[in-house]
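Good morning, everyone, and thank you for making the time. Please bring the sequence and the structure up on your screens, and I will talk you through a few parts of them.

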Amino acid sequence: MSKTTDNRQTEPFARIVKRAELPAGKIILLRLWAVLLSLIAGGVFIACVGQNPFIIYGTIISGAFRSVMAFQGTVKVMIPLLISSLGVTLAFKMKFWNIGAEGQIIFGATCATFFALFFSGINHVLLVIIMFLAGFIGGGLWGLLPAIFKVKYDTNETLFTLMLNYIALHIVSYLRDGPWMDPSSQGFPKIARFDKNASLDKLFGIQFGWLIALVLVVLIFVYIKYTKQGYEISVVGESQDTARYAGMNVKMIVLRTMFLSGGICGMAGMIQATGSDITLTTSVAGGVGFTAIIVAWLAQLNPFAILLVSFLFSVLEKGSSVVQSNFGLSTDCADVLQGIILFFILGCEFFIRYRFLFRKGTHKAEKEG
Amino acid sequence: MEILIKFLVAAVGAGTPLLFGTVGEILTEKTGHLNLGVEGMMSIGACVGFMVGYYTDNFALAILASAAAGAFSALIYAVLTVTFMANQNVTGLTLTIFGIGFANFIGIFILNKTPEGTLKLPENITAAMRGISISGLSELPVVGELLFSYSPFVYIGIIIACISAWYLNHTKAGLNLKAVGENPGAADAAGIKVTSVKYRNIILGGAICGIGGVYCSMIINGGVWISNNVGGLGWIAVALVIFANWQPAYAILGSFVFGALRVLKYYIPQSVLPFPIAFYDMLPFLITALVLVISSMRKSGRINLPAALGLNYFREER
């Protein structure tokens, strides 16, 4: 008897145990709860700044859908976000922490801009293809660089890709202030608007990047799920030792995947510059590279889920700009809400894999178990 | 000579926010948790500290508020990664995005309420943050300006770095902390309360980062609020941790070197070295990347890297 009381004293108030795998339906339900809770938390935040959360949420949704033009705007926001989320997914699947999507977007856009500015006279279709390739290769090389150092010296890729973001940004500001400055802007530092020949065509009123993005969703899904290379990425992500033991060339896989990952992000940059901005600015990426990481993670690296999440985030983003003009709250509201949602989802993952056992409940659980 | 002194003084000023961020992140990483949210914690600290300063006109309160805000944001990170065992990279990144968004949002929200349309700190507090002057010392030639002319932040930062160095290497709590970062399983078996050590030090690190943030919002722009005032310094701080080899004492030197890089462009005339301005803006990031590569090339440079960095600890899986 005395032994049990002793046990009770030393036993912690709560402890964590692993739980058996939950059925898929329950997992989805848990995640929906997390999203609901995060919306409530976001609502409390909105209420704290003196606004009615229901009205704000309503405005966000109506702001993104209220007219054909608003919807087109939402899709326009989605294009670079969707494409770069797909790009970082490849790297994340491999557990390569590529947070350099921002830089890869910028550098891809920069390479494409070179052709848009100086070869604008050539055949339109040919030029667009060249710009696509330039964006892809530019972004790919920007992603390849940290991968080379990773496989050779095990250089921390998180920090390296991050530094490359800022380096790419300042390359653009150098080009803007110097060699590529628009001569007709009378000294105001900006890059000239692209020739019509060098800008992307429209399809249903939106630049045709949306079609490329949708095609990419399917391509990446097939690539990850049904190709040998995609399988290799997952194995390297799970365990490099296993991959090596199975005779895979891990270094080669890391380099190849990072080139692809960066290349896709670079393409997002090219599409943003030549399809939406029709020029190159320092804000061509504008934080999309970071949001893409949240999107990819929320969607559990599933391309179709990425399509859904990036669409919802674009609604949030576009709706926030309407909230800004109607209620004077800045668009940073979208970042805050995105952060809160991901905090809750990150916390929710715990309850999918583990559960708490409280001191009182221990005996009951042991009896059952 | 005079320009050299001015340059060194400016370098120390520009390096100070990095010093706070680096020391805070060292304490965090010593628990085995890589918090990529430094930029976010600094932003939140910058925002809350600035606003408290703006409304109360009290320097000490502003610093305390920024530390509390930094601590609170680190608490979010700690709950998610220590208790809920969430992925540290993603949690930290989210904290950064959330923190920057939060700071900009609140900044613009309060800005819109002011009749003037700008947020400028009131007189008392700007006077308090100005360079100190100790009669007899500050007037000394060269030494006076180099050692006794800074804003109180600089001295607070150096004191915090020195205390942290002593704490890490010479106190029981500090040694326990290092044990947790090296091998949490062994530390747990030795009777160290791993979870509590992690929480305490992550939160402490966040508080220090928060103070670094308020330096960015109060000093760098002369007491006027602008959006994105931390502007990537938090990220440089994360990299400086490697440069400083996880030693708070080296962080002092590293911060001031990087501070020097940040202000270089104002002190090198275009006629001497005709580099474009963008190059100087890029320089701290370029050097950080080089430092990363070089320190990874020579493995001996990572001798202080906490062995369990980035790995969450689950007692039943040890």
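This is a predicted model: local features need pLDDT of at least 70, side-chain atom pairs count only at pLDDT 80 or more; totals for chains, interfaces and linings use all residues.

For chain A the mean pLDDT is 85, with 94% of the residues at 70 or more. Within chain A, confidence is highest in helix α5, residues 101-118, at a mean of 93, and lowest in helix α15, residues 361-368, where the mean is 48. Two stretches of chain A should be read with care: over residues 1-7 pLDDT stays under 50 and the model has zero contacts beyond four places in sequence, while residues 364-369 also stay under 50 and have one such contact.

Let us turn to where the chains meet. Here 43 residues of chain A are in contact with 40 residues of chain B. On the chain B side, the elements that give two or more residues are α3, α4, α11 and α13 of chain B, and the largest share, 14 residues, comes from α4(B). Sorted by class, that side of chain B has 29 nonpolar, nine polar and two charged residues.

Finally, which residues touch the most other members of the largest nonpolar core? In this core of 199 residues, they are A:Ile83, A:Met163, A:Ile293, B:Ala239 and B:Leu240, and α3(B) gives the largest share, 13 residues. Leaving out residues up to four places away in sequence, B:Leu240 touches B:Leu18, B:Thr22, B:Ala251, B:Gly254, B:Ser255 and B:Phe258.

Note on methods:
Residues are numbered from 1 along each chain as its sequence is written. Chains are lettered from A and ligands numbered from 1 in the order in which they are written. pLDDT is the predictor's confidence in each residue, from 0 to 100. Helices (H or I, at least four residues) and strands (E, at least two) are DSSP runs, numbered from the N terminus. Two residues are in contact if their C-beta atoms, placed from the backbone, lie within 7 Å. Ala, Val, Leu, Ile, Met, Phe, Trp, Tyr, Cys and Pro count as nonpolar, Asp, Glu, Lys and Arg as charged, and the others, Gly among them, as polar. A nonpolar core is a set of buried Ala, Val, Leu, Ile, Met, Phe, Trp, Tyr and Cys residues joined through C-beta atoms within 7 Å. A residue is buried if 20 or more other C-beta atoms lie within 10 Å of its own, exposed if 12 or fewer, and partly exposed in between; C-beta atoms are placed from the backbone.
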